[in-house]
Amino acid sequence: MFEGFDALPEALRTIAHEPDPEPTPQPPPPHEALIDCAVYVGGQRLPGKFSYEAACSKVHQIEALGHEAFVWVGLHEPNEAQMTEVANVFGLHALAVEDAVCAHQRPKLERYDDTLVLVLKTVKYVPHESVALAREIVESGEVMVFVGNDFVVTVRHGEHSGLANVRKSMEADGEQLRMGPFAVMHAIADYVVDRYLEVTRLMESDIDSIEEVAFAPGRKLDVEPIYLLKREVVELRRCVTPLSTAFHRMQMENKDLISKEVRRYLRDVGDHHSEAADRIAGYDDMLNSLVQAALARVGMQQNNDMRKMAAWAGILAVPTMIAAIYGMNFHFMPELNWTWGYPGIMAATSLACLALYFQFRRNNWL
């Protein structure tokens, strides 16, 4: 990780090895939410552990010598006191700090003076045996990225939104780190968008299986899995679609903060995001069609059931009518004194019922 540290100028190595000032007493310990805090100079991470104040002070000392440096702080679900402490050190706006603590923000990009705040929704595919047995298919989280000229503060919410792999990959590639804090913002956005593409690919197999059942002849269709997939696609769309505006603004605005090279990288992330958004829109349309097909199939089945019930009711109406007539107890009625009256009535009733049965069968009502 620190292979290139010895190549740094002597003054920078001296500053890096200076002991950190004694930390001042503070409310809830920051390490409860602090995942990592590191200082980067010339594409290399300085050794040692830093507090917020010490890291910020170290960066200012290095910048005073004419070198570029920045600090990257990673937090996981900080409380208000911890987030306020970070905001005081790095000069974050109070409204953005409130959003970071409360979470559940809509994906967006905001600017406060020389600080950009990017809100990203993270997603994770929940493995399951089948859609019919699943309770949840997509789990979502949130990442807020505060980016200034010499700092990056990432605030995560959710258990699956870790950025350790992003940091490790950046530290292994000094060229990216040399581009500064906004290159870190690009790397995080790229990581999140890649997860969008991964989740959409995995969801495609679920939608294909439901589609196969929906149009397979003779198979019973359960509408509940379709509604579950529809709900998950809607949640995924809420995570992905709003970012199109943010990526457009990052490429077209804030040119005084984001370098031309980083904007080129962001353009590539925007293309991947558009691909994910198009897939989700296609899944949404497909599920709408499946819902309509399922409802039409249910309606056809109900129509067939009603025709069968009507046919049997028509057949049973014949003996019902005859029984009602001969149960009126009149003394003078035809065939009451005829020896073959009862067998004749039964035979006529049976023939009428059989005639109606075959007629209904011929018309596909039975």
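User: In which loop does threonine 241 lie?
Analyst: In this predicted model, helix α8 covers residues 224-240. Helix α9 spans residues 243-252. Threonine 241 therefore lies in the loop between α8 and α9.

User: Is threonine 241 buried, partly exposed or exposed?
Analyst: Buried means under 20% relative accessible area and exposed means over 50%. The relative accessibility of threonine 241 is 38%, so the residue falls between these cut-offs. Threonine 241 counts as partly exposed.

User: How far apart in space are threonine 241 and alanine 281, C-alpha to C-alpha?
Analyst: In sequence, threonine 241 and alanine 281 are 40 residues apart. In space, their C-alpha to C-alpha distance is 9.2 Å.

User: Which strands does helix α9 lie across, and at what angle does it run to β5?
Analyst: Helix α9, residues 243-252, lies across β4 and β5. Strand β5 comprises residues 115-125. The angle between helix α9 and β5 is about 140°.

User: Which strands are the edge strands of the sheet?
Analyst: The open sheet has 7 strands with mixed pairing, in the order β2-β1-β3-β7-β6-β5-β4. An edge strand here pairs on one side only. That applies to β2 (44-45) and β4 (108-112).

User: In what sense do β1 and β3 pair, and which residue of β3 is the bridge partner of tyrosine 40?
Analyst: Strands of a sheet pair through backbone hydrogen bonds, either parallel or antiparallel. Strand β1 (residues 34-41) and strand β3 (residues 69-76) pair over 7 bridges, and the sense is antiparallel. The bridge partner of tyrosine 40 in β3 is phenylalanine 70.

User: Which strands does helix α5 touch, and what angle does its direction make with that of β3?
Analyst: Helix α5, made of residues 164-172, packs on the sheet. Its contacts there are with β1, β2 and β3. The direction of helix α5 makes an angle with that of β3 of about 160°.

User: Why can tyrosine 326 belong to a nonpolar surface patch, and what is the area of that patch?
Analyst: Tyrosine 326 lies in helix α10, residues 260-326. Together with Met321, Ile325 and Met328, Tyr326 makes a nonpolar surface patch of about 380 Å².

Methods. Residues numbered from 1 in each chain as written. Predicted model: local features only at pLDDT ≥ 70, side-chain atom pairs only at ≥ 80, totals over all residues. Heavy atoms only, no water. Pairing = 2+ DSSP bridges. Helix = DSSP H or I, 4+ residues; strand = E, 2+ residues; numbered from the N terminus. Contact = heavy atoms within 4.5 Å. Axes fitted to C-alpha atoms, helices over the stretch in contact; angles between N-to-C directions. Patch = residues over 30% accessible without salt bridge, like charges linked within 9 Å, V, L, I, M, F, W, Y side chains within 5 Å. Areas by Shrake-Rupley, 256 points an atom, 1.4 Å probe, with all protein chains shown as cover. Salt bridge = Lys/Arg side-chain N within 4 Å of Asp/Glu carboxyl O. Buried < 20%, exposed > 50% of the residue type's maximum accessible area, 1.4 Å probe, protein only.
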